[in-house]
Amino acid sequence: MINYDNVLSDKIKEIKPSGIRKFFDLAGSMEGVISLGVGEPDFQTPWIVRKSAINTLEKKRIIYTANSGLAELRKEISNYILKKNKVSYNPDNEIIVTVGGSEAIDISIRALINPGDEVLIVEPCFVCYSPIVELMHGVPVPISTKHEDNFKLTAKALKEKITDKTKLLILPFPNNPTGAIMTREDLEEIADVLRGTDIIILSDEIYSELTYGREHCSITEIEDMQERTILINGFSKAFAMTGWRLGYLAAPEPLVTQIMKIHQYAIMSSPTISQYAAIEALTKCDAEVKKMVTEYNMRRRLLVDKFNEIGLDCFNPEGAFYVFPCIKSTGLSSEEFCERLLNEQKVAVVPGNAFGQSGEGFIRVSYAYSLKHLMEALKRIELFVNNLKNR
């Protein structure tokens with residue numbers, strides 16, 4: 001009988017499972033649970049996008065595309081970035097269409113990291129960055145952001161972490177899980193630190209369309225930064241297309257040429273139906289995106305106000321669709337709070353430490369759910385917190 005422990009990679013055995021999926025799976029095994037744990041829009045993909053997919057099926061154009069994606073889609077991605085960020089990318093050799101933003105992150109890191117290279121990761125953050133770095137035998141170096149700094153990366157914190165082994169900075173804004181953003185002024189200070197180095201930036205901007213009160217600013221818009229940046233984005237969040245599995249990266253041609261090799265061998269090409277549909281999303285769905293942002297904004301204000309009323313100090317997010325309330329006043333750790341909330345009131349949220357140690361003392365609550373869903377969950381959370389106070 002095979003001893004699977006002997007045949008598995010030592011490195012993969014060291015990687016911990018996703019903290020997000022842990023609580024999502026627990027919630028799925030219980031009846032009557034309200035889950036606020038997953039970052040998945042509750043909106044339907046816009047009809048014009050779905051209609052395009054249907055038409056593609058009817059026309060039987062279901063064949064492999066070019067490795068980098070449909071030429072027409074890459075052109076529209078280039079146009080979209082130019083419209084939003086005021087920077088230009090050549091659709092022929094500076095853009096790759098990927099299987100979600102997740103693949104774009106994975107192949108970018110794999111193309112850059114040698115064993116021992118240090119990768120600066122702004123935390124709290126999405127759960128995939130550190131494991132991918134570790135699988136490449138790189139060294140994840142967390143940069144903790146703080147509530148009192150509005151969870152922004154500061155130039156001072158960045159300077160303190162840079163060494164002669166630093167290869168890459170992962171800049172995840174608008175941020176999952178905090179909802180923090182970086183303004184143009186913030187990014188100018190970061191750029192001042194990076195000029196004169198060979199440090200590459202991986203800018204994960206998957207939530208760039210979901211901002212409240214101000215427009216998103218990309219690090220690529222800052223002088224001298226486009227040449228050192230791999231821009232990551234996709235269709236899952238802004239266009240409610242999570243299951244369509246489509247994203248993209250844009251970067252200087254010398255980087256794209258090498259990243260493409262991994263994409264060619266691991267993936268070949270992204271889903272053809274999704275690519276045709278994405279053209280419609282980019283060119284005809286601005287109004288639908290604005291409607292979704294308006295609804296998210298209303299939910300955001302509701303949750304922030306209610307958590308503060310309950311007594312859980314809540315950072316006011318300016319992007320994405322998460323709130324990140326502080327639960328330190330309860331005396332419970334993030335995991336204890338989430339486990340007890342799930343068991344006692346059947347509400348599933350994610351412990352902040354799933355997103356890095358700087359997330360300890362917080363929980364992530366997604367508002368990508370219906371108002372009815374959110375209101376009932378808030379009632380249960382309030383009851384839970386009040387019960388803790390009375391014990």
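# Exercises on cores, sheets, ring pairs and cysteines

Among the 68 residues of the largest nonpolar core, those touching the most other members are Leu-73, Phe-235, Phe-239, Phe-307, Phe-321 and Phe-337. A nonpolar core is a set of buried Ala, Val, Leu, Ile, Met, Phe, Trp, Tyr and Cys residues joined through side-chain atoms within 4.5 Å; buried means under 20% relative accessible area, exposed over 50%, and partly exposed in between (1.4 Å probe, protein chains only). The model is predicted: local features need pLDDT of at least 70, side-chain atom pairs count only at pLDDT 80 or more, and totals for chains, interfaces and linings use all residues. Residues are numbered from 1 along each chain as its sequence is written, and side-chain values use heavy atoms, with hydrogens and water left out.

## Exercise 1

**Solution.** Helices (H or I, at least four residues) and strands (E, at least two) are DSSP runs, numbered from the N terminus.
1. Contact means heavy atoms within 4.5 Å.
2. A second, separate core has 29 residues, including Val-141, Phe-173, Ile-222 and Cys-326.

## Exercise 2

State the strand order of the open sheet of 7 strands and identify its edges.

**Solution.** Two strands pair if DSSP finds at least two bridges between them.
1. The order is 2-8-7-6-5-3-4, with mixed pairing.
2. Strand 2 (95-98) and strand 4 each have a single partner strand, so one side of each is left without a neighbour in the sheet.
3. Strand 7 and strand 8 pair in the antiparallel sense over 4 bridges; Gly-234 has Gly-247 in strand 8 as its bridge partner.
4. Helix 5 (residues 71-85) packs on the sheet and touches strand 2, strand 7 and strand 8. The direction of helix 5 makes about 110° with that of strand 2, where axes are lines fitted to C-alpha atoms, for helices over the stretch in contact, and angles run from 0 to 180 degrees between N-to-C directions.

## Exercise 3

Classify the ring pair of Phe-151 and Phe-362, and locate both residues.

**Solution.** Rings of Phe, Tyr and Trp (its six-membered ring) pair if their centres lie within 6.5 Å; planes under 30 degrees apart count as stacked, over 60 as edge-to-face and the rest as tilted.
1. The structure holds 15 aromatic pairs.
2. For Phe-151 and Phe-362 the centres are 5.7 Å apart and the planes at 80°, so the pair is edge-to-face.
3. Phe-151 lies in the loop between strand 4 (139-144) and helix 8 (155-161), and Phe-362 in the loop between strand 11 (350-351) and strand 12 (363-366), so the pair ties together parts that are 211 residues apart in sequence.
4. Both Phe-151 and Phe-362 are buried.

## Exercise 4

1. Cys-125 is buried, with a relative accessible area of 3%, and Cys-128 is buried, at 17%.
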